[in-house]
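Have the sequence and the 3D view at hand, and try each task before reading on.

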Amino acid sequence: MSWRNDGTNSADAIGLEYLDGLYSYALVLSRNHAEAEDLVQETYVRAIQAMGRLRPGSNMKGWLFTILRNIWLNQLRKLRNGPPMVELDIDNGAANNVIEPSMNSHDLYVSKIETEQVRAAIQELSVEFREVILLREYEDLSYQEIASVVDCPVGTVMSRLARARAKLRELLSTTANGSDLSELKGTQ
Amino acid sequence: MTACVEYSAAIQLYLDNELSGPSLEASLVHLRGCDACRVQLEAEKSLSALLHQSQPLYVAPDSLRTAIAATRHIIALAASGK
């Protein structure tokens, strides 16, 4: 796969191609933009410093996501002894919409609404469900790779994914207003 | 319908490209003959298609992109002793 480490142990070897994925994962975990940015930045710093210990042929993408998750877990542990966490500042999605150049204004509007509904539905899931959806549907990791990142058996990944999708379908069907989302009701 | 309980899980595996060999063959044969499983497959496909339309889920802000590029540069310089 293209995200395998080719043995180049330099800062440049960790490209910015993982940035959006890592940022999305950080937001899915923390549900806070500032925290997500800090998580991603810390991930790159640690990854660059540890690059020399990464064996050629290693799965760099999975490795980066694992680092990010470990940093988040460590921060959670520290915060448990500190003041309560502030989260859910995730509503300013306007700056985050990806515009497809070939779309007309109506398509853009529908796409924007759907993207916002998808984001809102995902953020309503529990963190265990949010992360497997992100890693499978958006980052295209295999069950084995997801199991490695979230540190659980493959069977647990499968069952979480099934329950997460069922819940997501339910949430998105509830918010559907005659849009394409209504097609999701097939198995309700 | 008893068989569909088994194949309900297989539909997810099939969509996620986690099936191969005899398991894949058996699922494809079952899908051809089971209306309930085909309905479930279409619903799962619709959900996946919808999620893929909103890819990437979030885009990293430019400020973060710039900060990380600068961090990489600084660490590379430090490593080269300049």
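Two residues are in contact if their C-beta atoms, placed from the backbone, lie within 7 Å. Keep in mind that the model is predicted.

**Exercise 1.** Describe the make-up of chain A.

Solution. Start with the secondary structure: chain A has 7 helices and 0 strands. Reading from the N terminus, the order is therefore simply α-α-α-α-α-α-α. Next, look at burial: 38% of the 188 residues of chain A count as buried. Finally, take the contacts in chain A with a separation of 6 or more; 65% of them join residues 24 or more positions apart.

**Exercise 2.** Which domains does chain A have, and how do they meet?

Solution. First, find the bounds: the assignment gives domain 1 (1-90) and domain 2 (100-188). Then count the residues in contact: 12 from domain 1 of chain A and 14 from domain 2 of chain A. On the domain 1 side, α1 and α3 (60-79) of chain A are the elements that give two or more residues. Of the elements there, α1(A) gives the most, with 5 residues. By class, this side of domain 1 has 5 nonpolar, 5 polar and 2 charged residues.

Methods
Residues are numbered from 1 along each chain as its sequence is written. Chains are lettered from A and ligands numbered from 1 in the order in which they are written. This is a predicted model: local features need pLDDT of at least 70, side-chain atom pairs count only at pLDDT 80 or more; totals for chains, interfaces and linings use all residues. Helices (H or I, at least four residues) and strands (E, at least two) are DSSP runs, numbered from the N terminus. A residue is buried if 20 or more other C-beta atoms lie within 10 Å of its own, exposed if 12 or fewer, and partly exposed in between; C-beta atoms are placed from the backbone. Domain bounds come from an automatic or database domain assignment. Ala, Val, Leu, Ile, Met, Phe, Trp, Tyr, Cys and Pro count as nonpolar, Asp, Glu, Lys and Arg as charged, and the others, Gly among them, as polar.
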